[in-house]
Amino acid sequence: GNPDEYSVKDFATYIKDMTESKSEITFLPKSQDDPSQRRPDISTAKKQIGWEPKVTVKEGLEHTIAYFSRVLKEAGEIIPTGPGAAKPEA
């Protein structure tokens, strides 16, 4: 969690910029269960166990991008997993 608010568009733009991708961001209709607020309230975690984020969103994205870059380099592909997962069409 992170106490700052970010939209999915924000993340898509950050990732596109950070990876220097030429991909186009496609906007789809919201799903029925799409949360209207993406800013979690971390006050309980902070108060009861003294937890708060130590990594900024930018740092987290940098680590995540580096991880998937390594996986892609080592395996030659990233295989989607989970229910309904599929490779994007080229």
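**Close-up views of aromatic pairs and a surface patch**

A search of the whole structure, which is a predicted model, finds four aromatic pairs.

**View 1. The rings of Y6 and F11 form a tilted pair.** The ring centres of Y6 and F11 lie 5.4 Å apart and their planes meet at 50°, so the pair falls into the tilted class, given that planes under 30 degrees apart count as stacked and those over 60 as edge-to-face. Y6 counts as buried, with a relative accessibility of 17%, whereas F11, at 29%, counts as partly exposed.

View 2. Residues three or four places apart point the same way, because an α-helix has 3.6 residues a turn. Y14 is partly exposed at 34% relative accessibility, and together Y6, F11 and Y14 make up one aromatic cluster.

**View 3. Helix α3 is followed by G76.** The 19 residues of α3 reach 27 Å from the first C-alpha to the last, which is close to the 27 Å expected at 1.5 Å a residue. G76, which follows the helix, has a positive phi near 85°.

**View 4. Y67, F68, L72 and I78 form a nonpolar patch on the surface.** Together these four residues have about 360 Å² of accessible area. I78 lies in the segment after α3 (57–75) and is partly exposed, with a relative accessible area of 37%.

Conventions:
Residues numbered from 1 in each chain as written. Predicted model: local features only at pLDDT ≥ 70, side-chain atom pairs only at ≥ 80, totals over all residues. Heavy atoms only, no water. Patch = residues over 30% accessible without salt bridge, like charges linked within 9 Å, V, L, I, M, F, W, Y side chains within 5 Å. Areas by Shrake-Rupley, 256 points an atom, 1.4 Å probe, with all protein chains shown as cover. Salt bridge = Lys/Arg side-chain N within 4 Å of Asp/Glu carboxyl O. Helix = DSSP H or I, 4+ residues; strand = E, 2+ residues; numbered from the N terminus. Buried < 20%, exposed > 50% of the residue type's maximum accessible area, 1.4 Å probe, protein only. Expected span 1.5 Å × (residues − 1). Phe/Tyr/Trp six-rings, centres within 6.5 Å; stacked < 30°, edge-to-face > 60°.
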